[in-house]
Amino acid sequence: MMEFKLPDVGEGMHEGEIIQWLIKEGEAVKQDQPIVEVQTDKVNAELTAPAAGVVKKIFFSEGDIVEVGTTIFTIQEENDVSVPDKKMIDEEIQGVQSVDVKVNAEHITTKQHVVRALATPFVRQLAREMKVDIEKVKGSGPAGRITESDLKQFKENNSITLNAKHHDNKMAQEMALMKGAIQAKGMGNEWEERIPLKGIRKKIAEHMVKSVSTIPHVTHVDELEMDQLKEFKNQLKEYSDDKDIKLTFLPFFVKAIVIALKEFKTLNASIDEKTNEIILKNYYHIGIATNTEEGLIVPVIKHADQKTIFQLADEIRQLAAQAREGKLSIDQITGSTFTISNVGPIGGMHATPIINYPEAAILALHKMEHRMVVRDLEGVIRLMMNMSLSFDHRLIDGVTAVHFTNRIKELLENPIRLVVEMR
Amino acid sequence: MVVGEVAVETDVIIIGGGPGGYAAAIRLGQLGKSVVLVEKDKLGGVCLNRGCIPSKALIHTADQYQRLNDLGKMGIRLSQERTTMDLGVWQDWKAGITSQLRQGIAHLCKENGVTVVKGQAAFLSDDRIGVETDGDFETYKFEQAIIATGSRPFIPSFIKVDGEYILDSTSSLQLQEVPSSLSIIGGGYIGIELGMAFAKLGTKVTIIEMANRILPQIAENLVKEVTRNAKKLGVNIKTSTRVEKASVVDGHVHLHVSSEEQGAEVVVSEKTLVTIGRIPNTEEIGLNRAGVTVGEKGHIAVDMECRTNVPHIFAIGDTTPGPALAHRASKQGIVAAEVIGGLPSAVDSPNVPYVIFSDPQIAGVGLSREEAEQQGYSVKVGKFPFSANGRALATNETEGFAEVIVDADNHILLGMHMVGADASNLIGEGVLALELAARVEDIALIMHPHPTLTEGWMEAAEAVLGHAIHIVNK
Ligand SMILES: Cc1cc2nc3c(=O)[nH]c(=O)nc-3n(C[C@H](O)[C@H](O)[C@H](O)COP(=O)(O)OP(=O)(O)OC[C@H]3O[C@@H](n4cnc5c(N)ncnc54)[C@H](O)[C@@H]3O)c2cc1C
């Protein structure tokens, strides 16, 4: 009998909600067949059968919140020669122990021994750190001893059981792992703290390194005058209030960017390094990189070009709420073609944003503030905002990039033009 | 209790300053947590003040005392005719040792930022404890708590320990004079250790044990040598015998005992020591207010991380089910501290070594032959007697043997046991071997220094493989 415990699909997650059972008790399943849909901190994950067999028992109902490490179902494996399951062995030990206690409290006993995985204390500790159940690992060392590399191998093989909905997209899996809090492991002293680089931080780190080391980044900065857009937005307020929509600047930015992307196709593109091809994308999925308490997530607005300002506003609001509640599915955080990093609300003037690999560019929008600027040789106060565009210099020349931001600038500084260009 | 008192806030509170509690406190201090350690009596707990250390000091003294009698064989003539023992002086010497160790612990606590509070602690709720010190009452609010209140001798209802005639292990280690006769109820390790020590100091010792042999928890073949030696020392061992009544008559203890063979009889001695087990101190610490449940025998069940049923309250040492041993308490203390500190720590080993300071000593780790067979292993056993070991002969300590238990299928070591001189120190090799999942070949192939008793392990391992050098392999 094999027990399936709720895995920590993103390091640091503590519990998940059972959304839907895709099988029933007593049903025969194939290896890797989806068994249950679980919702974790921010994504939905489909968990698949670790082995072929018959689902013997399901321990939780839909809607139950289950802690990581809890057995959620058991599978009777096809060629199971009725090995006593671990629970029974545990009970046996318990039995022995309590009998001992009864006999004599002053006892010295060695009767706690069970057949257990052969491994040194260090390897056991390592297994705990890696969150690997050592009893499940097959040892390759002498007489079946488990080595450090056995653990690593096991960990790698096992992460495959987590089938994110988009198998094709490696990124999707990585993003799926980018959730849950980064758990600080206080191992340092009072002067410094050492936190192992792992989990989502590690994924982010790897992703960033990959992006920067593959894509030659160039960052171009410009500033925008926002007074007119603000005015325009204010005028729409009554209308949007009627429709019960909270209008922010972001939908306008998205719209302007999409219009510009359609004109400068290499900015909505990627390079396929394997085939040496440039992929120009005729769909406009805008990722909005947002720093949340839980870490970096990038909800994606699909087909942003086909949506009205109000639709965008509504969708952004929904995505934000879902992000806060941890209810985003993998679908909702993958597949962007261009990314906006909306750091404005936090502050700052310039940045060198790192491109969300394999995209071609990323635009960071900075803090909006009143600044003294010169117009017609006179100092005036205007509502200003900076934007920083990092782009893939393999694909995009500096001139193109400047034309691109100029176009965005033109549209945002003159909202009437924006409206005219909108579809 | 003062109404509206202000609680002192701390990350972790530990109740009990024994080897479990203080180890946890120091480790938590290292991990940067604020820690309050509450101890009602003396730092170091039973182990340091009334258990391991004082008993080993007495046993060592008794050994030295007895050894003087053997010196004649080696040609040493002592000028004084009769050696005498002044237990009063010994008490001072022992107090010196324990106080030095206590100061060491206090110093380490201080250096690691641990606040030591003297007083009796009890839970008020699942996040508060109250501490009573000389009529004062203080409350503490904690994030996590560790219960390390240890255990005390179990005394059956028909006997009253008075500390003068009827003793428990604590009062027996506080005697100012060597008693002329001592009956010991209970042939477990504490009874045997203290019984043999007093016998060496000249006390006439009787041990009364309900089971059919002494040290019933230890494999029989290991105990034989000790039984034989105890008899040589003049210890009268009554097995399968139960005590029914105890009374003090004219300054002597009368124990009414009965056995199938001997029927009823009265054992008369100057003093009686009751040592039939220990019970956990879990009744008076308000566990119900914290929601912590205890088992039938008062033990607090914990998981591998030493968590109780209340996830932020931990329990360690003698308060938990399992062998009541100081090293288990310390290990659990460190694990609980690390878990609280966010480290992936666990007590995940069944290899709890045991040591018995009998004469000769017994020590072991892992399975005995019987246990291994019961668990379905096909077993190979290798044995090597100390009488074939040069060092044992040269130090006149030839009793005993080393024994290794091996899984015949893959030669992995399942158990290592020893009875003989210094077994308590020698078992370290066994613990290491088992924890590293060594094969018997690993022991056999290691160069063991000569002449030492450690060669016993090597020869026992070679015996399993059929090629021990210093015995005939059958
Ligand atoms: C004679 C004898 C010989 C022994 N020899 C050995 C040996 O050779 N090897 C070995 O491994 N073990 C030996 N032991 C066992 C060993 O002493 C115990 O296993 C060990 O001390 C348990 O440690 P602990 O931390 O759990 O508790 P303890 O050492 O029992 O410490 C608990 C502490 O908690 C304090 N406390 C209790 N209640 C409260 C409260 N409400 N508030 C504040 N403080 C409280 C007590 O005063 C005590 O100091 C021996 C025991 C005895 C009696």
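**Exercise 1.** Are A:F249 and A:F253 buried or exposed?

*Solution.* Start with the cut-offs: buried means under 20% relative accessible area, exposed over 50%, and partly exposed in between, with a 1.4 Å probe and protein chains only. A:F249 comes out buried, and A:F253 does too.

Before going on: this is a predicted model, where local features need pLDDT of at least 70 and side-chain atom pairs count only at pLDDT 80 or more, while totals for chains, interfaces and linings use all residues. Residues are numbered from 1 along each chain as its sequence is written, chains are lettered from A and ligands numbered from 1 in the order in which they are written, and side-chain values use heavy atoms, leaving out hydrogens and water.

**Exercise 2.** Classify the pair A:F249 and A:F253.

*Solution.* Rings of Phe, Tyr and Trp (its six-membered ring) pair if their centres lie within 6.5 Å; planes under 30 degrees apart are stacked, over 60 edge-to-face, the rest tilted. Over all chains there are eight aromatic pairs. Here the centres are 6.1 Å apart and the planes of A:F249 and A:F253 sit at 15°, so we call it stacked.

**Exercise 3.** Now do B:F123 and B:F142.

*Solution.* Centre to centre it's 6.0 Å, with 75° between the planes, so B:F123 and B:F142 are edge-to-face. As for burial, B:F123 has 0% relative accessibility and B:F142 has a relative accessible area of 4%, so both count as buried.

**Exercise 4.** Which charged end sits over the ring of A:F249?

*Solution.* The test is NZ of Lys or CZ of Arg within 6 Å of the ring centre and within 35 degrees of the ring normal. A:K233 is the one, 4.8 Å from the centre of the A:F249 ring.
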